[in-house]
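Please keep the sequence and the model in view while reading.

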Amino acid sequence: MSDLHDVPFTPEITASDEVYRGAVWTIRRETFDLPEATGLVRDLMAHTGAVAVACLNEAGEILLVQQYRHPVRARLWEVPAGLLDIPGEDPLTAAKRELAEEADLTAARWEVLSDSALSPGGSSETIRLYLARDLAEVPAADQHARSDEEAGFVYRWVSVPEALDAIAAGRITNSVAQLAILQVSNVLAAEAAGRPVRTRPVDAPRLLVDGRNPADDTDA
């Protein structure tokens with residue numbers, strides 16, 4: 001096994017205080033010691049974690065969803081995604097729910113593409129990205145009623161070469177969408193060449209589970 005891998009490490013945390021509680025996540029201020037430095041103070045977003053889904057249809061196209069994102073004042077092309085905000089929920093279950101709610105789709109074939117720490121300098125958020133294939137539409141009577149920003153969703157099936165061009169040209173900027181497109185491109189290239197496809201089973205362990213041990217989430 002390759003020794004190229006991230007290493008979970010929990011330092012000595014001498015203080016951990018909630019300084020802001022929001023509707024979705026909280027901000028904590030922690031003081032901790034490392035072997036190489038002591039008395040470090042950092043603010044971090046304590047995040048629930050998330051899942052995302054790269055959907056491939058029979059034509060080899062990836063589904064992109066355009067959604068308004070207020071912090072960057074833009075309608076971004078993304079892939080279906082959502083928070084792990086139900087305590088104890090399995091990530092695959094969450095991914096299936098988000099795919100149905102955001103895209104009115106189900107999938108019979110699921111694989112893991114990647115696990116990512118999205119902004120580890122300031123947030124504990126991790127995201128598991130799935131590849132979903134063998135798609136079917138959710139019956140109209142069972143489709144989710146979308147509201148708020150989701151009410152403005154725009155959908156587009158895009159060829160992977162077109163999506164790659166959009167990334168290179170700076171026209172797709174959402175990092176998870178970029179990752180999904182790049183990894184799907186690698187999967188399709190491997191399949192076309194008859195090479196092994198580097199995906200993982202849906203029960204593959206996550207190295208980082210939302211970046212934090214729940215036991216550390218109490219005030220010191």
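Two strands count as paired if DSSP finds at least two bridges between them. The model described here is predicted.

**The four-stranded sheet**

On that basis, four strands form an open sheet with mixed pairing, in the order E7-E4-E9-E8. Strand E7 (81-83) and strand E8 (105-117) are the edge strands, each of them pairing on one side only. Direction ignored, neighbouring strands of this sheet are turned by 25 degrees against each other on average.

Within this sheet, strand E4 (residues 50-55) pairs with strand E9 (residues 126-137) in the parallel sense, over six bridges. Two positions illustrate that pairing: Ala-50 stands opposite Ile-127 in E9, and Val-51 stands opposite Arg-128 in E9. E8 and E9, by contrast, run antiparallel and are joined by 11 bridges. Here Ser-114 stands opposite Leu-129 in E9.

**The three-stranded sheet**

A further open sheet consists of three strands in the order E6-E5-E10, and its pairing is antiparallel. Its edge strands are strand E6 (74-78) and strand E10 (154-159), each of which pairs on one side only. Strand E5 (residues 61-69) runs antiparallel to E10, and six bridges join the two. Gln-66 stands opposite Val-154 in E10.

| Strand pair | Sense | Bridges |
|---|---|---|
| E4 and E9 | parallel | six bridges |
| E8 and E9 | antiparallel | 11 bridges |
| E5 and E10 | antiparallel | six bridges |

**Helices against the sheets**

Which strands does helix H1 lie across? Helix H1 (residues 91-103) lies across E4, E7, E8 and E9, and runs at about 120 degrees to E8.

Helix H3 has contacts with strands of both sheets. In the four-stranded sheet H3 touches E4, E8 and E9, and its direction makes about 60 degrees with that of E9. In the three-stranded sheet H3 touches E5 and E6, and its direction makes about 175 degrees with that of E5.

**The contact between H2 and H3**

Helix H2 (residues 160-168) packs with helix H3 (residues 175-193) at an angle of about 140 degrees, the two axes being 10 Å apart. Because of this angle, H2 is oblique to H3. The crossing of the two helices is left-handed.

Which residues meet where H2 and H3 pack? From H2 come Val-160, Ala-163, Leu-164 and Ile-167, while H3 contributes Gln-178, Ile-181, Leu-182, Val-184, Ser-185 and Leu-188. By class, this contact of H2 with H3 has eight nonpolar residues, two polar residues and no charged residues.

**The annotated span**

According to the UniProt record, an unreviewed entry, the annotation "domain: Nudix hydrolase" covers residues 46-180. In the model, the end C-alpha atoms of residues 46-180 lie 24 Å apart. This span is 21% helix and 41% strand.

Definitions and conventions:
Residues numbered from 1 in each chain as written. Predicted model: local features only at pLDDT ≥ 70, side-chain atom pairs only at ≥ 80, totals over all residues. Heavy atoms only, no water. Axes fitted to C-alpha atoms, helices over the stretch in contact; angles between N-to-C directions. Parallel < 35°, antiparallel > 145°, perpendicular 65-115°, else oblique. Left-handed = near helix turned anticlockwise from the far one by under 90°. Contact = heavy atoms within 4.5 Å. Nonpolar A, V, L, I, M, F, W, Y, C, P; charged D, E, K, R; others polar. UniProt positions renumbered as here; feature names shortened; annotations may be inferred.
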